Amino acid sequence: MSKIIIEGGQRLEGVVRVQGAKNAVLPILAATVINGGKNIIRDCPRLKDVKSSIDILKGLGCNVTWEGSTIIVDSENISTHHVPESLMREMRSSIMFLGAIVARCRKASISMPGGCELGPRPIDLHLKAFRQLGIKVDESHGYINCEVDDIKPDNIHLDFPSVGATENIMLVTVLSKGVTTINNAAKEPEIVDLQDYLNKMGAKISGAGTSVITIEGVDRLHNVEHCVIPDRIVASSFLAATAAAGGHVTLTNVVPEHIHPVVSVLKDCGFEVSSQADTVTIKAESRPLPINYIRTLPHPGFPTDAQAPIMSVLSVADGTSIIAENMFENRYKHVAELNRMGADIKVDGRIAVVKGVKRLSGTKVAATDLRGAAALIIAGLNAEGTTEVSGLCHLDRGYENFDEGLRALGANIKRID
Ligand code: EPZ
């Protein structure tokens, strides 16, 4: 079984480039189904979830090549509107293919996406919007079957600013006749990137990044070439790693405004963080100060995906911090493992009380979800002695080179496959 071994205590110094955004490239790969043409997507990270999406595209009949960080999808010949359970189980966000396949084929049959380590991942908001758009949605035998003659554009109101539901509505209405509006839309930067991608394809979408998105359907779409935005959560993870280990690190390929919520917390921890056009620099020369109260919220609030990495920093703060995880029911599975490393964290429902200790101590820990895996590695950088992190299948879903990047910055870290 693969594991990462860290000898804690090394400061981090130097420069590291941040990968393209996983949560931008996944909906964009689904979007490649719609134009029936050529799609060139650059700066794609080499991740398990990207490979899962490519497997689904190939299963649909697309021709896909993946050279380095460039993926080329030719979706001229779609041979089926069906995505089997074996491919859907791989990754929850494959639900994005539902909207794209219906937009292209007017029907789709995909296996229910599994839950995941974060708890049940309902799709009721997606399906409620689809039904409002006139799509016949039938859920039976673990499959979602959709069929529609013509999408009925409408004014959709999302009960919750769901990222996936916002993206699915954008995808399914691109080729409709008329104007669809999404109210209470999610405002994540990855949604702006999807809008940019679809508009380059010939779509007419506006408002992404605000709570009202307007999609004016078009008759046809054309080939597209696009470079994916940087991954704001991977950037946040490298900043958290420096905060936990101490040091002076510059990240390149960053959009500073995408990480404002995390930078704000790191500044409140007493660290010096500065940014230029597409770089951000952190200087961590002292023990973190505690944070009274952090709430995870939809963007531009504090991102739920940065909760675990930042908790590792706060676990060695000079005082007690409180975190409220409002986005997912079960996103504290890294806490038990951090406590095995000597952290003093108590969880009560959505609240985690993090009483800082001077330093963590290395031991064997097991990751059980994507961002928890990064958090355990970050904790190992601080810990006295050796930390062994297993469960790297979770890390590989979202981080292309986290251990290599940290080693280049001076960490004593190695991966044994
Ligand atoms: C996206 O997931 C991201 N994944 C997640 O990143 C991220 O944590 C999440 O947005 C929130 O920012 C991708 O973009 C591939 P949601 P998504 O729909 O779309 C509930 C990572 O670590 N909900 O905004 O699934 C849902 O249960 C991953 O990179 C419904 O109740 O997030 C959750 O509690 C993890 N009904 C909340 O909304 C629905 O129909 C937020 O979900 C849809 C969602």
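Predicted model: local features only at pLDDT ≥ 70, side-chain atom pairs only at ≥ 80, totals over all residues.
1. **Arg-106 and its phi.** Most residues other than glycine have a negative phi. Arg-106, though not a glycine, has a positive phi, near 70°. You will find Arg-106 in the loop between α4 (96–105) and β7 (107–111). Its relative accessibility is 24%, so Arg-106 counts as partly exposed.

2. **Asn-253 and its phi.** Asn-253 also is not a glycine, and its phi is positive at about 60°. The loop that holds Asn-253 runs between β15 (247–252) and α9 (260–268). With a relative accessibility of 16%, Asn-253 counts as buried, because the cut-off for that label is under 20%.

3. **The aromatic pairs.** The model has 2 aromatic pairs by the rule used here. In one of them, the ring centres of Phe-238 and Phe-402 are 5.0 Å apart and the planes meet at 65°, so this pair is edge-to-face. Phe-238 belongs to helix α8 (residues 232–245) and Phe-402 to helix α14 (residues 402–408), so the pair ties together parts that lie 164 residues apart in sequence. Tyr-399 also pairs with Phe-402, in a tilted arrangement with 5.0 Å from centre to centre and 45° between the planes.

4. **The aromatic cluster.** Phe-238, Tyr-399 and Phe-402 form one aromatic cluster.

5. **A charge over a ring.** If you look at Trp-66, you will see Arg-46 over the face of its ring, at 4.1 Å from the ring centre.

6. **An open sheet.** Four strands make up an open sheet in the order β10-β11-β13-β12, and their pairing is mixed. The edges are β10 (155–157) and β12 (204–206); each has a single partner strand, so one side of each has no neighbour in the sheet. From one strand to the next, the twist averages 15°. Within the sheet, strand β11 (residues 179–183) pairs with strand β13 (residues 212–216) in the antiparallel sense, over 5 bridges. Asn-183 stands opposite Val-212 of β13.

7. **Helices on that sheet.** Helix α6 (residues 163–173) packs on the sheet and touches β10, β11, β12 and β13. The direction of α6 makes about 180° with that of β11. Helix α7 (residues 189–200) lies across β12 and β13, and runs at about 155° to β12.

8. **Glu-388 and its surroundings.** Strand β23 (residues 386–390) contains Glu-388. This glutamate is buried, with a relative accessible area of 18%. Leaving aside residues up to four places away in sequence, Glu-388 touches Lys-3, Ile-4, Ile-5, Thr-363, Lys-364 and Val-365. The side chains of Glu-388 and Lys-3 are joined by a polar contact of 3.4 Å. As for Ala-243, its C-alpha is 20 Å from that of Glu-388, and the two residues are 145 residues apart in sequence.

9. **Thr-70 in β5.** Thr-70 has its place in strand β5 (residues 70–74). Thr-70 is buried, with a relative accessible area of 16%. Which residues does Thr-70 touch, not counting those up to four places away in sequence? They are Ile-40, Ile-41, Arg-42 and Thr-65.

Note on methods:
Residues numbered from 1 in each chain as written. Heavy atoms only, no water. Phe/Tyr/Trp six-rings, centres within 6.5 Å; stacked < 30°, edge-to-face > 60°. Helix = DSSP H or I, 4+ residues; strand = E, 2+ residues; numbered from the N terminus. Lys NZ or Arg CZ within 6 Å of the ring centre and 35° of its normal. Pairing = 2+ DSSP bridges. Axes fitted to C-alpha atoms, helices over the stretch in contact; angles between N-to-C directions. Contact = heavy atoms within 4.5 Å. Buried < 20%, exposed > 50% of the residue type's maximum accessible area, 1.4 Å probe, protein only. Polar contact = N/O pair within 3.5 Å; in protein donor to acceptor, adjacent residues only side chain to side chain.
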